[in-house]
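Here is a walk through a structure, one neighbourhood at a time. Keep the viewer open and follow along.

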Amino acid sequence: MVRLSAFAVCLVELLVHASSYCTAFDDAGCSGQSVVRDSSIWKAAPDKYDQPGGPEGLTTMTQLNNIIMGHAATQIILAGSQLGLFEFLHENGPQTKGTIEEALGLKRSDGSTRPIEVLLLGSTSIGLTVLDKREKTYRNCEIIDRLFTTGGWRSIADLIDLEAIIKYKGEFHFVESLRKDTNVGLQEWPGAADNLYSRLPQTPGAQKIFYDLMNSFTAFSIPCLSNTSKVAATSFKLLDVGGGAAVAAIHLAKKFQQLSITLWDQHETIEIPMNHITKAGLKGRISLLAGSFITDPFPEAGSPLSVYLCAF
């Protein structure tokens, strides 16, 4: 087997299956069973899934306004997620404004109801929650409740955190980045490294947000690859590039007993997967290698590593 060919095949398989299937939204929850992506959970509005407004692009001022006000929508869904709004409504069903205010800890001693009113006005105006005007109660929209029911909400919550907290900071510099053709937004993060990945550990909590999302995505997509990949099923040695917390490596090692895996990640993060590997009882089959696939050369042809997997 030619090493680069194996890498290309394995990478293409991951991209194809990650884009065509989901694994977390079947009726049994996160079972690892593949589910075609065009299920109703992905296509709440099938005719607008690919491009808002259809083949001609945007056609209404409402669609345009949704983009202009996108920053507000991002913060509203972040607030709903972190304050526990969606989880509370899923567990308790339709609730009044006062009950939600109490449950979320937004009740003020001075009697002001502005915080809960702002939150519910925002979440309802963009369709995250639904107001029953007769009963004066709020409930989750169908897609959010279904995500909780099928076990997919945790992955979505991790994605919300990454987009609204990590990526948001640098996006202020987007125009300047285009003009200068460089990552100007990196200045928002302390450190001397030329990439965000290496700077995250210097900001408390930032690296956890990043790894929570990567772990969720990997746990979401890797069963699809392992269930269909001939490369993973027939190989004996594998290099997990940017393997993070070893979610992919552990899954593949358990599924394919013939595999020995080397997890390759940056010096700043290489110790993160150790506890997970040890807990899984796989120290003898998953080894760690510190380095950067961005700046360091891949193992040479004489290396015992024969197949590459990019876990992202």
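Ile68 sits in helix H2 (residues 61-68), where helices (H or I, at least four residues) and strands (E, at least two) are DSSP runs numbered from the N terminus. At a relative accessible area of 53%, Ile68 is exposed; here buried means under 20% relative accessible area, exposed means over 50%, and partly exposed is in between (1.4 Å probe, protein chains only). Ile68 also belongs to a nonpolar surface patch of about 580 Å², made together with Leu58, Met61, Leu64, Ile67 and Met69. Patches take residues with over 30% relative accessible area and no salt bridge, joining like charges within 9 Å and nonpolar side chains (Val, Leu, Ile, Met, Phe, Trp, Tyr) within 5 Å. The areas come from the Shrake-Rupley method with a 1.4 Å probe, and for residues only the protein chains shown count as cover.

A word on what you're looking at: this is a predicted model, where local features need pLDDT of at least 70, side-chain atom pairs count only at pLDDT 80 or more, and totals for chains, interfaces and linings use all residues. Residues are numbered from 1 along each chain as its sequence is written, and side-chain values use heavy atoms, with hydrogens and water left out.

Now for the charged pairs. How many salt bridges does the structure hold? There are seven, taking a salt bridge as a side-chain nitrogen of Lys or Arg within 4 Å of a carboxyl oxygen of Asp or Glu. One of them links Lys97 and Glu117, with the closest N and O atoms 3.2 Å apart. Lys97 lies in helix H5 (residues 97-103) and Glu117 in helix H6 (residues 114-125), so this pair ties together parts that are 20 residues apart in sequence. Lys97 is partly exposed at 31%, and Glu117 is partly exposed at 35%.

Another pair is Asp110 with Arg108, again with closest N and O atoms 3.2 Å apart. Asp110 is exposed at 52% relative accessibility, while Arg108 is partly exposed at 44%. Then there's Lys180 with Glu176, at 2.8 Å from N to O. Both lie in helix H9 (residues 174-180), four residues apart, or about one turn of the helix.

Back in helix H5 you'll find Glu101. Is Glu101 buried or exposed? It's buried, with a relative accessible area of 5%. Skipping neighbours within four places in sequence, Glu101 is in contact (heavy atoms within 4.5 Å) with Leu106, Lys107, Ser112, Thr113 and Ile116.

On to the strands. Three of them form an open antiparallel sheet in the order E3-E5-E4, where two strands pair if DSSP finds at least two bridges between them. The edges are strand E3 (95-96) and strand E4 (129-132), each pairing on one side only. E4 and strand E5 (residues 137-140) run antiparallel and are joined by four bridges, with Asp132 partnered by Thr137 in E5.

Elsewhere, strand E6 (residues 237-241) pairs with strand E7 (residues 260-265) in the parallel sense, over five bridges. Asp240 stands opposite Leu263 in E7. From E6 the chain passes through helix H13 (residues 247-255) to E7 in a right-handed β-α-β crossover: with the strands pointing away from the viewer, the path from the first strand over the helix to the second runs clockwise. Four of the five residues of E6 are buried, so this strand is largely enclosed by the rest of the structure.
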